[in-house]
Amino acid sequence: MLTLDNVSVNYGAIEALTGISLHVEQGEVVTLIGANGAGKTTTLRTITGLLEPRSGKITFEGENIGGKPTHKLVAQGISMSPEGRGVFANLTVWENLQMGAYLSRNKLQIAADMERAFKMFPRLKERESQKAGTLSGGEQQMLAMGRALMSNPRLLLLDEPSLGLAPLVVHTIFQAIDEIKSKGTTILLVEQNAHAALGHSDRAYVLETGRIVMEGPSKDLANDPRIKEAYLGE
Amino acid sequence: MSTFLQQLINGISLGAIYSLIALGYTMVYGVLKLINFAHGDVYMVGAFMGFYLANGLGARGAQMLGMSGDGIVARGLLGGGAMEPSLITALVVMLLAMAICAAIGVIIERFAYRPVRKYSRLTALITAIGVSLLLENGGQVVFGAEPKFFPELFSKRNIDLVGGASINSADIIVLVIAIVLMIALQLIVYRTKTGRAMRAVSFNLQSAKLMGINTDRIIAFTFALGSALAAAAGVLVAIRIPRIDPLMGILVGLKAFVAAVLGGIGNIPGAMLGGLLIGITETMVVGYLSPTYKDAVAFAILILILLFRPSGLLGTVAQEKV
């Protein structure tokens, strides 16, 4: 579904990604784990067109999407819940969700999708008319995910959804990820919480300083001694 | 008491015009974090567009004001004489000037600001000053440097009020139109999908892109709205005080900018409030102190805000997040 072939990205003179290749297949949950600054967020931002690759090829459903503007990629079925959640603090929860459906003109569809988001995260329903800036971190994350789903994406990118959240909320977020997957949406998940990420994904890539150093089924990686030592703290 | 009432009326009328211009500064700042220094000159262009349109539509020239020449020459442009001077003519002139300036605003954004958007904000600021100089000097070439006199679009008369004050019918019309425009803007920004997208873009450009918003289009739309309001202000000012010239936008633009800062730059109700406060303060100073200080007031206010409340009256303190 999504393929990155030898993609390199620079921030000015600094190389952030060095020739990474990865693929995500229809219906999978693939996770990208690695330390801070390894290039996980850069990878997602490059896929969504917020950053331009210096070289390499990105294809989505067979089409070369490198250099395409972000808003066109959203129309094509890619959606992202960004790092730091990126909710519109000056807009209400309801308005934030509406923004997620910006490209849709079908009011009935939007209303149905809104109900689905509220069903997945009942807390959002309670906060519907509150400004997003007044929500807790966990609620903002739920809003960011709910909002990303409003465009009915075929590929959902999640950037650090559990960062800085209480364990109970982390549990809710990963339950939601399982639920989204069960409904057929493909997910590329970036996480520092390697333990949870490997437990809720099919395959994983390990990024270190802009390169992919390991890849494989999540179950195998979770049992790999090197991963255990470096990322699972065992 | 009658001085106070009179100056208050004058101040509100003047302030409403500052508000209209201040809105353009604040909206563009909201989406681009750019102080569009050319905005005051778009207001000037609006007044001139109104001038040519009014003459073209066959309004009475300004002979009665002691002017000859220009008004009459320009009158034939649109095959004039078709419309009797009236409130309707004034509205048509204003709406057309707004449309033309909206297009000019979009063109300025597309060809001057968009190419430098990826560089530092200082680059954009210097570009804005460049565009401002271009409009001022270009205006002198195209419109002529000598002042022109805006034709009288409808007859004005003074209406006496209680307490010895009076209000000119033109002031009432200016105020009513300004209020209607501000309500319309409020509805666009807070009740439409495009308005919601504007607010999203001004809060977080990248998140807005991730919603599928064509942010370039929203930014262009913001310029169109702001420039249209500036053009409306240009025509309304010319209705009140008919003398227009290509440099008329400099001082008014700066004062409106101060109004936007006073209200809290980036804050739409703030710009409206700031404009009114600057207008009222200015006329009060004229009424009670001396007309000499008329133009100094706004800048004294600017210094005070920067010292005591840099985020403006309605602005929120920007939190630097790590």
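A residue is called buried here if 20 or more other C-beta atoms lie within 10 Å of its own, exposed if 12 or fewer do, and partly exposed in between, with C-beta atoms placed from the backbone. The legends below describe a predicted model, in which local features need pLDDT of at least 70 and side-chain atom pairs count only at pLDDT 80 or more, while totals for chains, interfaces and linings use all residues. Residues are numbered from 1 along each chain as its sequence is written, and chains are lettered from A and ligands numbered from 1 in the order in which they are written.

**View 1. The loop of chain A that holds Asn152(A).** Asn152(A) is found in the loop between helix H6 (137-149) and strand S7 (155-159) of chain A, where helices (H or I, at least four residues) and strands (E, at least two) are DSSP runs numbered from the N terminus. Because 15 other C-beta atoms lie within 10 Å, Asn152(A) is partly exposed. Its phi is near 50°, a positive value in a residue other than glycine. Most residues other than glycine have a negative phi.

**View 2. Helix H1 of chain A and the glycine after it.** Helix H1 (residues 40-47) of chain A has eight of its eight residues buried, so it is largely enclosed by the rest of the structure. Among these buried residues are Lys40(A) and Arg45(A), together with Leu44(A) and Ile47(A). H1(A) is followed by Gly49(A), whose phi is positive, near 80°.

**View 3. Chain A as a whole.** Chain A has ten helices and ten strands, and its C-alpha trace spans about 45 × 40 × 30 Å along its principal axes. A compact globule of 234 residues would have a radius of gyration near 17 Å, and chain A, with 17 Å, agrees with this; the radius is taken over C-alpha atoms, and the globule rule is 2.2 Å times the number of residues to the power 0.38. Buried residues make up 47% of the 234 residues in chain A. Among contacts in chain A between residues at least 6 apart in sequence, 66% join residues at least 24 apart, two residues being in contact if their C-beta atoms, placed from the backbone, lie within 7 Å.

**View 4. The packing of helices H1 and H9 of chain B.** Helix H1 (residues 2-32) and helix H9 (residues 215-240) of chain B pack at an angle of about 165°, with their axes 8 Å apart; axes are lines fitted to C-alpha atoms, for helices over the stretch in contact, and angles run from 0 to 180 degrees between N-to-C directions. H1(B) and H9(B) are therefore roughly antiparallel to each other, a term used for angles over 145 degrees. The residues of the contact of H1(B) with H9(B) divide into 18 nonpolar, four polar and no charged, where Ala, Val, Leu, Ile, Met, Phe, Trp, Tyr, Cys and Pro count as nonpolar, Asp, Glu, Lys and Arg as charged, and the others, Gly among them, as polar.

**View 5. The loop of chain B that holds Lys33(B).** Lys33(B) has its place in the loop between H1 and helix H2 (39-56) of chain B. Its phi is near 55°, a positive value in a residue other than glycine, and with 13 C-beta neighbours inside 10 Å Lys33(B) counts as partly exposed.

**View 6. The contact between chains A and B.** The contact takes 14 residues from chain B and 20 residues from chain A. On the side of chain B that touches chain A, H7(B) supplies the largest share, five residues.

Technical notes
Parallel < 35°, antiparallel > 145°, perpendicular 65-115°, else oblique.
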